[in-house]
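Please read this briefing with the sequence and the 3D view side by side.

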Amino acid sequence: MGCDGRMMPRRIVLVRHGESEGNLDTAAYTTTPDHKIPLTDAGLTQARDAGAQLRALMAGNVSSEDWRAYFYVSPYERTRSTLREIGRSFSRRRIIGVREECRVREQDFGNFQVEERMRVIKETRERFGRFFYRFPEGESAADVFDRVSNFLESLWRDIDMNTLPNDPSPDLNLVIVSHGLTLRVFLMKWFKWTVDQFQRLNNPGNCQYRIMELGDGGNYSLAIHHSDEAMEEWGLSPEMINDQKWRIHAKRGEWNDQCSWYMDEFFDHLTEQNNDSSNDTEDGRERFEMQLIRDETRIDSSEVF
């Protein structure tokens with residue numbers, strides 16, 4: 001439960017799909033549409049293992065036996081198959097719902113992907129910048145950011161208005177089965193990371209997951225479940241890791257003054273002194289009074305002539 005009395009999900013779990021035929025051999029994209037790329041046998045096994053791990057996580061160390069899970073899944077074949085295998089570890093009563101969600105689909109790279117052409121395009125992306133480069137006939141990471149932002153608005157509305165299937169359990173876990181870049185963008189939007197910070201993040205491995213857990217002040221943090229070493233491997237800087245630790249006990253709406261990307265990134269020249277405010281006020285008053293004198297002088301002159 002959040003600090004404002006709302007029933008908040010205990011965890012938001014971000015899961016990347018299992019190994020796909022495209023991960024194994026990029027030539028698959030030349031003949032098969034991206035959304036139809038299937039999992040490999042290894043990918044199916046990875047998904048089943050991830051399901052067992054997630055079930056153990058949700059069932060362990062809770063005050064109530066009534067924990068539940070709600071799933072969002074990208075409409076791509078590889079994510080749907082991943083969820084199907086994850087679901088083998090859950091009984092029906094533990095799952096309160098599932099929703100196919102187009103806004104958490106993979107970045108659109110265009111239609112059929114000619115291998116040599118894609119190699120040149122990806123080299124160009126590295127020179128241009130991974131976040132803003134838009135694939136011909138496809139999307140940029142910035143485009144993905146926009147639709148993920150829209151999805152997050154819907155997610156919060158579901159939570160605020162209690163439109164998720166009604167369940168009395170305080171141990172609700174939201175699980176989002178999606179794609180590597182989409183999940184990185186999700187974290188970027190949620191934690192207000194900059195473009196530069198995003199571009200240093202590493203993709204999760206197949207069926208790896210990131211667990212955002214609710215802290216005692218109503219904020220979600222990666223640092224409750226994950227170690228400093230793990231977050232560093234993902235590409236988080238020491239400052240970003242410290243922010244995750246701060247969120248464990250911070251109250252919702254609080255401002256972390258130690259985050260340079262919130263303020264110092266743009267206003268590092270500002271001082272803490274307040275005496276300049278009175279000077280600014282005096283200077284402003286003098287300018288205003290001089291303007292009044294000039295205006296009155298112009299009025300007086302017009303009356304004379």
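Glu137 is exposed because its relative accessible area is 60%, and exposed means over 50%, buried under 20% and partly exposed in between (1.4 Å probe, protein chains only). This is a predicted model, in which local features need pLDDT of at least 70 and side-chain atom pairs count only at pLDDT 80 or more, while totals for chains, interfaces and linings use all residues. Residues are numbered from 1 along each chain as its sequence is written, and side-chain values use heavy atoms, with hydrogens and water left out.

**Loop residues with positive phi**

- Glu137 sits in the loop between α4 (115-128) and α5 (141-160); helices are DSSP runs (H or I, at least four residues), numbered from the N terminus.
- Although Glu137 is not a glycine, its phi is positive, at about 65°.
- Lys192 belongs to the loop between α6 (180-191) and α7 (195-199).
- The phi of Lys192 is also positive, near 60°, in a residue other than glycine.
- Lys192 counts as exposed because its relative accessible area is 55%.

**Cysteines**

- Cys207 is buried because its relative accessibility is 8%.
- Cys259 is buried because its relative accessibility is 2%.
- The whole structure has zero disulfides, a disulfide being a pair of cysteine sulfur atoms within 2.5 Å.
- In general, a disulfide is a covalent bond between the sulfur atoms of two cysteines.

**Nonpolar surface patch**

- Trp255, Met263, Phe266 and Phe267 make up a nonpolar patch on the surface, and their accessible area together is about 470 Å².
- Patch residues have over 30% relative accessible area and no salt bridge, and nonpolar side chains (Val, Leu, Ile, Met, Phe, Trp, Tyr) are joined within 5 Å; a salt bridge is a side-chain nitrogen of Lys or Arg within 4 Å of a carboxyl oxygen of Asp or Glu.
- Accessible areas come from the Shrake-Rupley method with a 1.4 Å probe.
- Met263 lies in the loop between α9 (238-247) and α10 (264-267), and counts as partly exposed because its relative accessibility is 38%.

**Cavities**

- The structure holds two cavities of 30 Å³ or more; a cavity is a set of points on a 1 Å grid where a 1.4 Å probe fits but cannot get out.
- The largest cavity has a volume of about 70 Å³, the volume being the space filled by probe spheres set on the points.
- Residues lining the largest cavity include Leu183, Trp193, Pro204, Arg210 and Trp234; lining residues have an atom within 4 Å of a point.
- With three residues, α6 gives the most to this lining.

Note on methods:
Patch = residues over 30% accessible without salt bridge, like charges linked within 9 Å, V, L, I, M, F, W, Y side chains within 5 Å. Helix = DSSP H or I, 4+ residues; strand = E, 2+ residues; numbered from the N terminus. 1 Å grid on protein atoms, 1.4 Å probe; cavity = no way out; pocket = protein on both sides within 12 Å on 5 of 7 lines; lining within 4 Å.
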